[in-house]
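Subject: Structure for you to look at

Hello,

Here is the structure I said I would pass on, with my notes below it. Please read them with the model open.

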Amino acid sequence: MNLYYKDFSEYMREVFPGMKVQKLSIDAGFTCPNRDGSIGRGGCIYCNNASFTPGYCSPCDGVETQIKKGKEFFSRKYPEMKYLAYFQSYTNTFGRKANELIDIYRKAFESEDVVGVIIGTRPDCLPDDLLDNLADLNRIKPVIVEIGAETSSVETLRIINRNHSWTQVEDAVERLHKRGIRVGLHLIAGLPGEDGDDVLATVGKACSLPIESIKMHQLQIVKGTPLLEKWKSGEIKVKPFTLEDYLDLCVKIVKAVPHHICIERFLASSPPDMVVAPKWGLKNYQFTNLLMKRLVQEDCKPRLKI
């Protein structure tokens, strides 16, 4: 058990007691409303989907085949593992009717050793009829909805081409919570024009909502994105965090997040050859070790007595 904050492994033990659970990412062939012209074009300026999608994910394979390939990848080392089907790529509640979406999720639900699903989406793509259907599924196996919120700043949301508001984040979280569906928020530190205080302001607003988890990471400027071009041309000002400054910020985040809310992660880890800045060369566990040392140095109060 993490002494300073609830981490993802502890969260999963609460939801799936007695099980070892691994996420299996799925690309079900969705797009986003700010890509296809529904509300905008070009997508979020920092997004290159290839930078975070595992190699076994291809919408051409279908949901069942991707799950099978993912299980083959992990089961060699952990044959007793159970799985969460993670609909990760793009906006996984957009562009199809509720009954069509539920059919897609059911394919994952019915796969052997899959004990629940995580659905990544936007706050403006969660109509009530879909949420009612998700509530029905949630009574069979756990459903977690992960909302890309990114920041509470209206101006930053405009700059990064999100084309949704923080008010929509609040509304989506409340409607999911009302139906008993677990909610996580995805937040990014270091977006254009933002500093550590702005990040902490967003974290505070997020923690005031009925959520179960926060997934935080530093902004990475990666190849193949509008952000890289706008940054190189000087159109957008971004000051990537140094490792030391980001560790300092993460200590403040740990202090700010209530212990009942899980902090899933702090670090983005795109393929090194795609990352332009910041280039820290750390894996998640290495960063976590550094953070634990910093928390000890800062004399942070543990959740539990040692």
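Which residues of helix 1 (residues 8-15) are buried? They are Phe 8, Glu 10, Tyr 11, Met 12 and Val 15. Before going further, note that this is a predicted model, and every value below is computed from it.

Helix 1 and its cover

A charged residue, Glu 10, is included in the buried set of helix 1. The cover over the buried residues of this helix includes strand 1 (21-26), strand 2 (82-87), strand 4 (143-150), strand 5 (182-189), strand 6 (213-218) and strand 8 (262-265).

Nonpolar cores

The largest nonpolar core contains 70 residues, and Phe 87 and Leu 134 have the most contacts inside it. Leaving aside residues up to four places away in sequence, Leu 134 touches Ile 102, Tyr 105, Ile 119, Val 143, Val 145 and Ile 181. There is also a second, separate core, made of 13 residues, with Cys 44, Ile 45, Cys 47 and Leu 227 among them.

Aromatic pairs

How many aromatic pairs does a search of the whole structure find? The count is nine. In one of them, the ring centres of Tyr 5 and Phe 266 are 5.4 Å apart and the planes stand at 85°, so this pair is edge-to-face. Tyr 5 is in the segment before helix 1, while Phe 266 is in the loop between strand 8 and strand 9 (275-277), so the pair ties together parts that lie 261 residues apart in sequence. Both partners fall under the 20% cut-off for burial: Tyr 5 is buried because its relative accessibility is 5%, and Phe 266 is buried because its value is 3%.

The rings of Phe 87 and Tyr 105 make another pair; with centres 5.3 Å apart and planes at 70°, it is therefore edge-to-face. Phe 87 belongs to strand 2 and Tyr 105 to helix 3 (residues 98-109), so to speak of sequence, the two are 18 residues apart and the pair links distant parts of the chain. Phe 87 and Tyr 105 are both buried.

Ring pairs also join Tyr 5, Phe 241, Tyr 246, Phe 266, Trp 280 and Phe 287 into a cluster.

Second largest pocket

The second largest pocket has a volume of about 300 Å³. It is lined by 18 residues, of which Glu 194, Asp 195, Gly 196, Phe 241 and Asp 245 are the closest to its centre. Phe 241 is also one of the residues in the ring cluster.

Which element gives the largest share of this lining? Helix 9 (243-256) does, with four residues. Helix 7 (196-207) and helix 9 each supply at least two residues of the lining. Sorted by class, the lining of the second largest pocket has eight charged, six nonpolar and four polar residues.

Backbone points

The peptide bond from Ala 277 to Pro 278 is cis, and its omega is near -15°. Pro 278 sits in the loop between strand 9 and helix 10 (284-297).

Tyr 90 has a phi near 65°, which is a positive value in a residue other than glycine. This tyrosine, Tyr 90, is in the loop between strand 2 and helix 3. Its relative accessible area is 28%, so Tyr 90 is partly exposed.

Asn 161 likewise has a positive phi, near 65°, and is a residue other than glycine. Asn 161 is in the loop between helix 5 (154-159) and helix 6 (166-178). Is Asn 161 buried or exposed? Asn 161 counts as buried, because its relative accessibility is 17% and the cut-off for burial is 20%.

Two lysines

Lys 283 is in the loop between strand 9 and helix 10, the loop that also holds Pro 278. Its relative accessible area of 54% means that Lys 283 is exposed. From C-alpha to C-alpha, Lys 283 and Ser 269 are 6.9 Å apart in space, and they are 14 residues apart in sequence.

Lys 71, in helix 2 (residues 62-75), has a relative accessibility of 17% and therefore counts as buried. Not counting residues up to four places away in sequence, Lys 71 touches Leu 24, Tyr 83, Glu 112 and Asp 113.

Regards

Definitions and conventions. Residues are numbered from 1 along each chain as its sequence is written. This is a predicted model: local features need pLDDT of at least 70, side-chain atom pairs count only at pLDDT 80 or more; totals for chains, interfaces and linings use all residues. Side-chain values use heavy atoms; hydrogens and water are left out. Buried means under 20% relative accessible area, exposed over 50%, partly exposed in between (1.4 Å probe, protein chains only). Contact means heavy atoms within 4.5 Å. On a 1 Å grid over the protein atoms alone, a cavity is a set of points where a 1.4 Å probe fits but cannot get out, and a pocket is an open set with protein on both sides within 12 Å along at least five of seven lines; lining residues have an atom within 4 Å of a point. Grid points are joined across faces, edges and corners, and a volume is the space filled by probe spheres set on the points. A nonpolar core is a set of buried Ala, Val, Leu, Ile, Met, Phe, Trp, Tyr and Cys residues joined through side-chain atoms within 4.5 Å. Rings of Phe, Tyr and Trp (its six-membered ring) pair if their centres lie within 6.5 Å; planes under 30 degrees apart count as stacked, over 60 as edge-to-face and the rest as tilted.
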